[in-house]
Amino acid sequence: MSEQIESVETFRLRAREWIKANLGPIQPFDLTQDCADDEEELVAVARDRALQRKLYDGGFAGLCFPKELGGQGLTPEHNRAFNEELAGHEYPSRFTVPTFTPCAAVIMEFGTPEQKLAHIPAILKGEEFWAQMLSEPGGGSDVAGATTSAVRDPATGDWILNGAKVWTSRAWWHDWGIVLARTNWNVPKHQGLTVFLMPLQQAGVEIRRIERLNGETEACEEFMTDVRIPDSDRVGEIDGGWTVGQRWMFHERMGHNSPYVTQPVGLSHGRTEATPVAIARQAGRIDDPAAQELIGESRALGLVASELQRRLASGAAAGKGNTDMSSVARLFRGMANVRQRTIAFDLAGAGAAGWTEEESDGVGVQGMEFLMRQVSCIGGGTTEISRNVIAERVLGMPREASGDKGVAFRDVPRGPKRS
Ligand SMILES: Cc1cc2nc3c(=O)[nH]c(=O)nc-3n(C[C@H](O)[C@H](O)[C@H](O)COP(=O)(O)OP(=O)(O)OC[C@H]3O[C@@H](n4cnc5c(N)ncnc54)[C@H](O)[C@@H]3O)c2cc1C
């Protein structure tokens with residue numbers, strides 16, 4: 001007889017009590033994910049591990065993961081209820097993306113029973129942070145064009161990995177990564193890829209930090225030299241990495257709205273933003289009808305983005321809709337975010353004309369934020385690529401012309417033409 005699942009209402013009340021008794025108020029770390037320096041970042045990492053462990057010990061970790069893997073075996077509705085109750089409380093923000101999704105989601109979908117047992121309970125206990133390693137120095141949009149190579153050692157059956165990945169968020173302190181690598185150069189690009197699980201902190205993986213224009217150094221690049229990976233850490237079929245990769249990107253696009261993610265509803269990974277109301281008030285424009293219209297527009301965009309994502313997530317959980325439809329939500333979120341940031345600048349007016357927080361008039365936005373607004377259209381795959389996916393795979397429009405269709409990957413021209 002199947003076990004009766006607790007009703008969402010009863011669960012919500014139980015969660016509310018537990019959260020109140022066990023989790024303190026939300027911390028600046030949770031909101032911004034930005035730390036002043038590495039030391040502070042590592043303190044935040046340790047704190048998130050402890051918080052995740054607290055959720056696990058309290059019976060509230062991994063609500064939508066199966067019980068036999070340390071989860072709670074509940075539904076996306078239970079997860080949503082928990083996340084709503086979490087509002088205003090601290091939570092292990094660094095576990096959300098990419099550890100829970102796409103990484104844990106990919107392991108759940110394609111991992112062997114041994115891989116699931118080795119990693120899902122460890123993630124839920126706060127013992128493993130996971131990074132995703134898709135993008136390469138040669139370009140991140142053409143994911144299937146990966147050139148990181150994995151060659152089988154005939155003596156041991158292990159794989160030997162060589163190559164480079166880039167833009168991997170916070171790889172410098174992550175424990176594991178999922179890596180997309182090329183295992184066959186003699187077939188067209190989508191047919192020669194394989195996915196592997198790889199410990200990040202090991203000899204053979206050199207991790208370098210990248211300083212972005214705004215001074216942040218959370219992005220990393222990794223250089224793999226003869227990294228040995230046992231075949232038991234291969235995910236999915238040999239040369240079947242594109243099947244895994246497509247679902248990987250789906251889970252990535254689901255992002256913070258994935259049923260696997262625990263975080264207060266409405267918050268997302270990224271920098272803290274003052275609300276449009278707070279900005280308008282600070283700028284002395286709260287009674288200005290034009291400002292009120294902008295505040296309304298910003299709020300509507302946020303609501304639509306969140307509901308769109310939620311609808312697609314519940315449709316996907318119920319097996320409805322095309323996997324590629326997550327690109328619709330991804331595109332909307334990117335565009336809405338840019339518009340919301342532009343609205344923030346409109347509301348702030350001249351007060352925002354400083355580069356740093358100190359140089360601006362304390363209106364909650366400044367020049368540095370303007371640079372960062374485009375990030376939401378790049379991270380997780382660009383909005384241009386989302387448009388392509390929607391056109392070709394959701395609307396069924398003709399495919400973009402491509403010179404590498406049906407061509408063995410080793411014969412596809414790469415890099416600048418040499419005379
Ligand atoms: C905050 C942040 C976090 C990130 N974290 C990670 C991470 O953890 N792991 C990881 O693997 N990657 C990560 N990335 C990298 C991200 O996935 C890539 O930046 C993105 O996929 C684009 O790749 P690219 O930067 O190499 O640009 P390119 O692929 O070189 O593209 C350059 C431009 O050309 C456009 N373009 C390319 N091809 C087409 C086409 N066919 N049609 C139309 N336009 C096209 C692109 O949209 C883009 O505007 C992160 C990026 C950011 C900003």
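Analyst: Let's start with the make-up of the site. By class, the shell around the ligand has seven nonpolar, eleven polar and three charged residues. The classes work like this: Ala, Val, Leu, Ile, Met, Phe, Trp, Tyr, Cys and Pro are nonpolar, Asp, Glu, Lys and Arg are charged, and the others, Gly among them, are polar. Before going on, a word on what you're looking at: this is a predicted model, where local features need pLDDT of at least 70 and side-chain atom pairs count only at pLDDT 80 or more, while totals for chains, interfaces and linings use all residues. Residues are numbered from 1 along each chain as its sequence is written, and side-chain values use heavy atoms, with hydrogens and water left out.

Back to the shell. There are 21 residues around the ligand, and Ser135, Gly140, Ser141, Trp167 and Thr382 come nearest (a residue is near if one of its heavy atoms lies within 4 Å). Two of these names turn up again in the polar contacts (pairs of N or O atoms within 3.5 Å; within protein, one must be able to donate a hydrogen and the other to accept it, and residues adjacent in sequence count only if both atoms are side-chain atoms). Gly140 puts a backbone N or O atom 2.6 Å from an oxygen atom of the ligand, and a polar backbone atom of Ser135 sits 2.8 Å from a ligand oxygen. Ser169 works through its side chain, with a polar atom 3.1 Å from a nitrogen atom of the ligand. As for cover, the ligand on its own has 970 Å² of accessible area, and the protein covers 68% of that (Shrake-Rupley method, 1.4 Å probe; for residues, only the protein chains shown count as cover).

Which elements supply the shell? β1 (130–133), β3 (159–169) and α12 (383–394) each supply at least two residues, and β3 gives the most, with four. Helices here are DSSP runs of H or I with at least four residues and strands are E runs of at least two, numbered from the N terminus. Zooming out, the assignment gives domain 1 (8–128), domain 2 (131–240) and domain 3 (273–394), with bounds from an automatic or database domain assignment. Domain 2 and domain 3 each contribute at least three residues to the shell. The centres of domain 1 and domain 3, taken over C-alpha atoms, are 25 Å apart.

Now the salt bridges. The structure holds 30 of them, each being a side-chain nitrogen of Lys or Arg within 4 Å of a carboxyl oxygen of Asp or Glu. Arg152 pairs with Asp231, the closest N and O atoms being 3.4 Å apart. Arg152 lies in strand β2 (residues 149–152) and Asp231 in the loop between β7 (219–229) and β8 (234–235), so this pair ties together parts that are 79 residues apart in sequence. Next along, Asp153 bridges to Arg228 at 3.0 Å between the closest N and O atoms. That pair also links distant parts of the chain, with Asp153 in the loop between β2 and β3 and Arg228 in strand β7, 75 residues apart. Asp153 counts as buried at 16% relative accessibility, whereas Arg228 is partly exposed at 43% (buried is under 20%, exposed over 50%, partly exposed in between; 1.4 Å probe, protein chains only).

Elsewhere, Arg47 and Asp48 meet in a salt bridge at 3.1 Å, N to O. Asp48 is buried with a relative accessible area of 0%, and Arg47 is buried too, at 19%. Both belong to a salt-bridge network whose members include Glu41, Glu90, Arg94 and Arg170.
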